[in-house]
Amino acid sequence: MARAKVKRQSTSIDMTAMCDVSFLLLTFFVLTATARQPEVMPVDTPASTTLDKLPDDNLGVITVKGEKIFFGVKNPEVRVETLRNMSSKYSIAFSEEEYEKFKAIDEVGVPIKNLRQLLSLDNDKRTEQIQTGIPVDSTENVSNELYHWVQQARIATISYNRNREAEDNDFVDPGPMKVAIKADAGEKYPSINLIIETLRNQKQNKFSFVTGLRAAE
Amino acid sequence: MAELNQDSGGGKKGGKVRAKKSGGKVDLTAMVDLAFLLITFFMLTTSLNKPQAMDIAMPDKNKMDANDNLEIADNRSITLLLGSDNKISWYYGQLANPIYPPTTVDYSKEGIRKVLQQMKAEVPKRAGADKDLIVVIRPSEKSITRNLIDVLDEMKIVDIKRYMISKINDEEIEVLKSESLFND
């Protein structure tokens, strides 16, 4: 009798709960994965065998493709602080609303005098085509806007980190802002050279190139 | 789940009996398999998507004197001139009086890596045991970012400790032109 009962019992386990859990996780991962904003100017970075990951925070990224230069600061708070510094540097006033808008933009690629116009546009209208790139040259004058963007971002990073440290005892100062150059694989060297010289002029002698991962040979 | 358990029995009489016999459960194994496969996929792609950072350190710039060039020993240094068409011209020593005259190679394993490995072994023999190889990288204006990254990557692969990126001069551009590596 006992044997017969065992045989009649179904061998399948109830998978309903497991299915529920796995789909919940799946939903979570799908949503977090697609939450990333699409880049304004997609860049095909060259591959390298480097394994160091690009940091998420405390970083400024210079994107270059077809001699068009974009600049963005990863941390939104520092980004706004950078714009405040730039605003006083170039004597262009921005409203609080514009600062809020700028906070949400990952990177910009327009001369500073056109920035207000860019901010007045809708999110999906700020395309690669209408952004002409940040002016850059080999000097340290106001005409080299990239120089000042990077410099003001570095200054903003320092003051931001100091404030955080004063407010929060557990906060560890991550040090000065890192700079990364995200260059298109087919970009000709002169525009890279201009960026490197711009960085070197402000003694930012250490920087990173953003690369993709090369499959092992 | 209630809907699933009813087994959507088609017939009126026979259908009911059959539904009871089958236990009234849908096999969810395949569905769970699929879900976990997708979870794994999304987990891996989100973490692997992060780009790599190749760190570069440049020397301090001497703004007072643009012609302040560092003197390095001839028999320790090889110079890589990055030209167009994904080719490199390299020479050993000084350009005016080279130990090995300019030769064209490509970025492949058989090309530049072989040269670097060979020179890495050869230089300490010529210059002395404690004098290792110095590589001077001079990208021309016709070279592209991928070339520079590839060369820097080779430095890491071959494990060359001393290398620098510097400015190409006119004589070296002439070399590239003569080897037709200065095309658009």
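Strand S5 of chain A, residues 206-213, is joined to strand S1 of chain B by six bridges. The two strands run antiparallel. One pair to look for is Thr211(A), which stands opposite Gln52(B) in S1(B). Keep in mind that this is a predicted model.

On the chain B side, 41 residues are in contact with 47 residues of chain A. Three elements of chain B each supply at least two residues to the side that touches chain A: helix H3 (29-48), strand S1 (52-57) and helix H5 (145-158). H3(B) gives the most, with 11 residues. What kinds of residue make up the side of chain B that touches chain A? They divide into 22 nonpolar, eight polar and 11 charged.

Now follow chain B by itself. Its secondary structure comes to six helices and six strands. Starting at the N terminus, the elements run α-α-α-β-β-β-β-α-β-α-β-α.

Five strands of chain B form an open sheet, in the order S4-S3-S2-S5-S6. The pairing is mixed. Strand S4 (98-106) and strand S6 (162-165) of chain B are the edge strands, and each pairs on one side only. From one strand to the next, the twist averages 20°.

Look inside the sheet at S2 and S3. Strand S2 of chain B covers residues 77-82, and strand S3 of chain B covers residues 87-93. Five bridges join S2 to S3, and the two run antiparallel. Within this stretch, Ile78(B) stands opposite Tyr92(B) in S3(B).

Which helices pack on the sheet? Helix H4 of chain B, residues 109-127, is one of them, and touches S2, S3 and S4 of chain B. The direction of H4 makes about 150° with that of S4(B). Helix H6 of chain B, residues 170-178, also packs on the sheet. H6 touches S2, S3, S4 and strand S5 (134-139) of chain B. The direction of H6 makes about 60° with that of S2(B).

Two totals round out chain B. Of its 184 residues, 26% count as buried. Take the contacts in chain B between residues at least 6 apart in sequence: 61% of these join residues at least 24 apart.

How values were computed:
Residues are numbered from 1 along each chain as its sequence is written. Chains are lettered from A and ligands numbered from 1 in the order in which they are written. This is a predicted model: local features need pLDDT of at least 70, side-chain atom pairs count only at pLDDT 80 or more; totals for chains, interfaces and linings use all residues. Two strands pair if DSSP finds at least two bridges between them. Helices (H or I, at least four residues) and strands (E, at least two) are DSSP runs, numbered from the N terminus. Axes are lines fitted to C-alpha atoms, for helices over the stretch in contact, and angles run from 0 to 180 degrees between N-to-C directions. Two residues are in contact if their C-beta atoms, placed from the backbone, lie within 7 Å. A residue is buried if 20 or more other C-beta atoms lie within 10 Å of its own, exposed if 12 or fewer, and partly exposed in between; C-beta atoms are placed from the backbone. Ala, Val, Leu, Ile, Met, Phe, Trp, Tyr, Cys and Pro count as nonpolar, Asp, Glu, Lys and Arg as charged, and the others, Gly among them, as polar.
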